[in-house]
Amino acid sequence: MTRTATIARKTGETDIQLTLNLDGDGGGTRASGIGFLDHMLDLLAKHALIDLDVKAKGDLHVDDHHTAEDIGIALGQAMHEALGNRAGIRRYGHFTLPMDECLVTAAVDLGGRYAFEYHAPIGPAKIGTFDSELVEHFWQSFAANSHSNLHVVLHHGRNSHHIAECVFKATARAIRMAAESDPRSDAIPSTKGVL
């Protein structure tokens, strides 16, 4: 069974084409029109071991908000679709990732229900030209649309670029663990028998 999905999302603010393969190797191209976000998506693909193609046109003359949000939405929708009934996955994943002076823990439950807790503040309002608050908003959009619980905690860190990278890498590693096939079970990972 292939665990892939293609999402086309077109609004008055953005036009997103996104393809996801959960059993990839980090391949694909990211072209959001936002250099910093492409960098984060590259990290996500590499550390989650997913193939991810993103092509986006957004109202960047306004700001980066709608484009970052809608890519998060499309990625969440693709994750939800690619997981299918979630049979045979580990379901839960967690990772604590050090990066220079930063330490971030991310934990995810791909169990079909939405919850989001984010405690990884980034002090400066900008990372280059990118609004730092969009890191949180991207992941909130992803969690809501993938029907996942996602918890992110920054234990310590100072550099805004490093914090954002650490968040993306830790979350990618947690997603990788949760979405991986469980070698001991091909059942739906719930006593309810459905997720």
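The legends below describe close-up views of a predicted model.

**View 1. Overall fold of the predicted protein.** The protein contains 4 helices and 10 strands, and when these are read along the sequence they follow the pattern β-β-β-α-β-α-β-β-β-β-β-α-β-α. The C-alpha trace spans about 45 × 40 × 25 Å along its principal axes. Buried residues account for 49% of the 195 residues. Of the contacts between residues at least 6 apart in sequence, 78% join residues that are at least 24 apart.

**View 2. The sheet that contains strands β1 to β4.** In this open sheet, 4 strands are arranged in the order β1-β2-β4-β3, with mixed pairing. The edges are formed by β1 (4–10) and β3, each of which pairs on one side only. Strand β1 pairs with β2 (residues 14–21) in the antiparallel sense over 7 bridges, and within this pair T6 stands opposite T19 in β2. Helix α2 packs on the sheet, where it touches β1, β2 and β4 (51–58), and its direction makes about 35 degrees with that of β2.

**View 3. The sheet that contains strands β5, β6, β7 and β10.** Here, too, 4 strands form an open sheet, in the order β5-β6-β10-β7 and with mixed pairing. Strands β5 (92–99) and β7 (115–119) stand at the edges with a single partner strand each, so one side of each is left without a neighbour in the sheet. Averaged over the sheet and with direction ignored, neighbouring strands are turned by 10 degrees against each other. Strands β7 and β10 (residues 149–156) pair in the parallel sense over 5 bridges, and H119 stands opposite V153 in β10. Helix α3 (residues 133–146) packs on this sheet and touches β7 and β10, its direction making about 165 degrees with that of β7. Helix α4 (residues 160–179) lies across β5, β6 (102–109), β7 and β10, and runs at about 150 degrees to β5.

**View 4. W139 and the largest nonpolar core.** The largest nonpolar core comprises 61 residues, of which L18, L20, L44 and W139 touch the most other members. Among the elements that supply this core, α4 gives the most, with 11 residues. When residues up to four places away in sequence are not counted, W139 touches L44, F116, L150, V167, F168, T171 and I175.

**View 5. S32 and its polar contacts.** S32 lies in the loop between β3 (30–31) and α1 (35–48). With a relative accessible area of 1%, S32 falls under the 20% limit and therefore counts as buried. The side chain of S32 reaches the backbone nitrogen of I34 at 3.0 Å, and a further polar contact, of 2.7 Å, joins the side chains of S32 and D38. Residues up to four places away in sequence being left out, S32 touches L37, D38, A56, L60, T67 and I71.

**View 6. G72 in helix α2.** G72 has its place in helix α2 and is buried, with a relative accessible area of 0%. Not counting residues up to four places away in sequence, G72 touches F138, S141 and F142. The C-alpha atoms of G72 and A45 are separated by 13 Å, the two residues being 27 residues apart along the chain.

View 7. R91 is found in the loop between α2 (65–83) and β5. At 7% relative accessibility, R91 counts as buried. Its neighbours within four places in sequence set aside, R91 is in contact with V108, D109, L110, G111 and R113, and also with A178, P189, S190 and L195.

Terms used
Residues are numbered from 1 along each chain as its sequence is written. This is a predicted model: local features need pLDDT of at least 70, side-chain atom pairs count only at pLDDT 80 or more; totals for chains, interfaces and linings use all residues. Side-chain values use heavy atoms; hydrogens and water are left out. Two strands pair if DSSP finds at least two bridges between them. Helices (H or I, at least four residues) and strands (E, at least two) are DSSP runs, numbered from the N terminus. Axes are lines fitted to C-alpha atoms, for helices over the stretch in contact, and angles run from 0 to 180 degrees between N-to-C directions. Contact means heavy atoms within 4.5 Å. A nonpolar core is a set of buried Ala, Val, Leu, Ile, Met, Phe, Trp, Tyr and Cys residues joined through side-chain atoms within 4.5 Å. Buried means under 20% relative accessible area, exposed over 50%, partly exposed in between (1.4 Å probe, protein chains only). A polar contact is a pair of N or O atoms within 3.5 Å; within protein, one must be able to donate a hydrogen and the other to accept it, and residues adjacent in sequence count only if both atoms are side-chain atoms.
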